[in-house]
Amino acid sequence: MAFTLEERQQLNIHGLLPPCFLGQDVQVFSILKNFERLTSDLDRYILLMSLQDRNEKLFYKVLTSDIERFMPIVYTPTVGLACQQYGLAFRRPRGLFITIHDRGHIATMLKSWPENVIKAIVVTDGERILGLGDLGCYGMGIPVGKLALYTACGGVKPHECLPVMLDVGTDNEALLKDPLYIGLRHKRIRGQAYDDLLDEFMEAVTSRYGMNCLIQFEDFANANAFRLLHKYRNKYCTFNDDIQGTASVAVAGLLAALRITKNRLSDHTVLFQGAGEAALGIANLIVMAMEKEGVSKEAAVKRIWMVDSKGLIVKGRASLTAEKTRFAHEHAEMKNLEDIVKDIKPSVLIGVAAIGGAFTKEILQGMAAFNKRPIIFALSNPTSKAECTAEQCYKYTEGRGIFASGSPFDPVTLPNGKTLYPGQGNNSYVFPGVALGVTACGLKHISEDVFLTTAEVIAEQVSEENLQEGRLYPPLVTIQHVSLKIAVRIAEEAYRNNTASTYPQPKDLEAFIQSQIYSTDYNSFVADSYTWPEEAMKVKL
């Protein structure tokens with residue numbers, strides 16, 4: 001309906017459309033009216049995904065018109081529900097589905113993808129989707145949603161993005177019996193066959209799209225996440241968002257919180273509820289941030305404690321991985337989180353174990369008892385898995401808690417009448433800007449420094465007014481601006497450290513990166529028409 005009369009005539013579609021010309025803003029209004037008619041978030045998700053299938057420009061125009069409203073629908077928390085019911089919500093395939101049975105032919109499969117230039121890939125094997133566990137092929141909703149935010153929040157061109165599902169089976173018995181399940185119906189293949197599939201995939205991608213192609217690993221199980229990151233990080237342009245992206249956004253929140261507590265990060269004692277990839281990623285980046293303050297690595301590590309499913313991580317305890325051992329300290333074994341909090345007396349409590357309600361009334365009151373301004377991050381997704389709600393945090397800490405969460409919570413009005421807006425530590429503050437910066441300057445490898453830099457930039461964008469409102473992150477409405485700032489800083493450091501590969505170096509990096517950003521405005525389809533001088537067009541007899 002937005003085609004002009006001239007475009008309709010030239011495209012031979014005049015008469016096939018009603019005799020009305022609607023601007024893109026009116027089309028956005030129409031989508032909003034349909035969106036508001038729906039009563040369930042899953043139906044709203046299906047509406048937006050259907051729009052993405054048929055009109056990509058309009059889809060992103062809608063998303064960017066109110067990113068704070070639509071992000072919880074296209075990503076967490078609704079995407080978790082959508083993944084659980086992906087067979088029901090499935091309308092049209094998006095992305096590339098590669099299975100364990102396609103080994104030896106992945107290069108051929110990549111040729112099936114219609115775009116020849118791909119700059120960013122998000123890949124999952126579906127084994128640890130958010131806090132929901134093994135969803136197998138239903139996990140494809142995550143790469144699709146993630147890349148939608150690459151574009152909506154970072155401006156990465158959607159036709160240069162590719163979502164990939166590596167289907168090696170599922171250990172989820174309910175899915176194996178689900179008649180609507182769209183994946184392989186057998187137990188997960190592990191071991192050497194799995195590793196060979198990953199190796200072939202990485203080689204095939206870089207062979208077709210180049211060594212600068214960004215490959216983001218998403219929602220791999222702990223057993224594979226760290227192993228694959230260590231294996232590939234210095235060979236390919238890759239990162240793991242669950243480890244490094246989560247770390248960056250959490251540290252950004254901590255850096256902003258320091259402006260409230262008026263001290264240094266190395267002055268704090270941090271306790272993690274959870275010791276998986278998110279917790280270990282955050283802990284390692286905290287150590288880097290403390291080192292930047294002038295503290296030794298050993299001293300920084302001693303400020304960090306972790307609790308896993310078996311209790312407090314201490315030296316000599318059985319069943320410790322190499323990653324966990326780094327944060328094991330001399331201490332008696334303890335299992336109860338409330339007792340651990342009383343004993344360790346942390347000033348920062350971070351939840352990343354996907355155990356809903358883990359931060360009880362007694363724990364929150366304890367944090368408030370020995371801290372003037374306790375820092376409490378309930379980062380688990382989706383909302384049902386959050387360790388506590390914003391309201392619980394503010395209520396049981398008497399409004400003194402500095403709170404952030406992984407999923408959104410509504411504003412909370414305190415008994416004194418002050419309204420606080422909980423900070424949402426969503427990775428979407430991180431990965432779109434990182435992707436934009438990395439692809440713009442042609443980074444071949446992504447170091448941890450990139451994520452500490454990103455955390456610092458995000459924290460810098462938080463105003464004093466935001467802090468007064470309880471926000472530890474910039475308002476989501478500014479996320480495109482934040483992503484641009486992140487991308488520019490990453491590119492500046494890449495050129496300064498001689499790790500960029502896009503040359504010559506642009507004189508104005510911000511203008512250069514801005515020129516790479518996707519436009520949601522419609523293109524013109526009018527043919528390039530012009531005339532010659534009359535003499536030149538005369539018919540010769």
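Predicted model: local features only at pLDDT ≥ 70, side-chain atom pairs only at ≥ 80, totals over all residues.

Visitor: Let's start with Lys 57. Why does Lys 57 count as buried?

Guide: Buried means under 20% relative accessible area. Lys 57 has a relative accessibility of 16%, so Lys 57 counts as buried. You will find this residue in helix H4, residues 56–65.

Visitor: What is Lys 57 in contact with, leaving aside its neighbours within four places in sequence?

Guide: The list is Gln 24, Tyr 518, Ser 519, Thr 520, Asp 521, Tyr 522 and Asn 523. Take Tyr 522: Lys 57 and Tyr 522 are 465 residues apart in sequence, yet their C-alpha atoms are 6.6 Å apart in space.

Visitor: What makes the pair of Lys 57 and Ser 519 a polar contact?

Guide: The cut-off for such a pair of N or O atoms is 3.5 Å. A polar atom of the Lys 57 side chain lies 2.7 Å from the backbone oxygen of Ser 519, so the pair falls within the cut-off.

Visitor: What makes H9 and H20 roughly perpendicular?

Guide: The axes of helix H9 (residues 141–154) and helix H20 (residues 431–441) come within 8 Å and cross at roughly 75°. That angle makes H9 roughly perpendicular to H20. On the H9 side, the contact is made by Lys 146, Leu 149, Tyr 150, Cys 153 and Gly 154, and on the H20 side by Phe 431, Pro 432, Ala 435 and Leu 436. By class, the contact of H9 with H20 has 7 nonpolar, 1 polar and 1 charged residues.

Visitor: Now a loop residue. Is Thr 76 buried or exposed?

Guide: Thr 76 has 2% relative accessibility, so Thr 76 counts as buried. Thr 76 sits in the loop between helix H5 (67–74) and helix H6 (78–84).

Visitor: What is the peptide bond from Thr 76 to Pro 77 like?

Guide: That bond is cis, with omega near 5°. Another cis bond joins Tyr 503 and Pro 504, where omega is about 0°.

Visitor: And why does Gln 424 count as buried?

Guide: The relative accessibility of Gln 424 is 12%, so Gln 424 counts as buried. Gln 424 is in strand E14, residues 423–424. A polar atom of the Gln 424 side chain lies 3.2 Å from the backbone oxygen of Gly 406.

Visitor: Why are the buried residues of H17 on the same side?

Guide: Helix H17 spans residues 337–344, and its buried residues are Leu 337, Ile 340, Val 341 and Ile 344. They cover an arc of only 100° around the axis, so they lie on the same side of H17. Among the elements that cover them are strand E6 (270–273) and helix H18 (361–369).

Visitor: What follows H17?

Guide: Lys 345 does, and its phi is positive, near 55°. Lys 345 lies in the loop between H17 and E9.

Visitor: Why is Lys 345 called partly exposed?

Guide: The label covers values between under 20% for buried and over 50% for exposed. Lys 345 has a relative accessible area of 47%, so Lys 345 is partly exposed. For contrast, Asn 12 has 65% relative accessibility and therefore counts as exposed. Asn 12 also has a positive phi, about 60°, although it is not a glycine.

Methods
Residues numbered from 1 in each chain as written. Heavy atoms only, no water. Buried < 20%, exposed > 50% of the residue type's maximum accessible area, 1.4 Å probe, protein only. Helix = DSSP H or I, 4+ residues; strand = E, 2+ residues; numbered from the N terminus. Arc of directions from axis to C-beta. Contact = heavy atoms within 4.5 Å. Axes fitted to C-alpha atoms, helices over the stretch in contact; angles between N-to-C directions. Parallel < 35°, antiparallel > 145°, perpendicular 65-115°, else oblique. Nonpolar A, V, L, I, M, F, W, Y, C, P; charged D, E, K, R; others polar. Polar contact = N/O pair within 3.5 Å; in protein donor to acceptor, adjacent residues only side chain to side chain.
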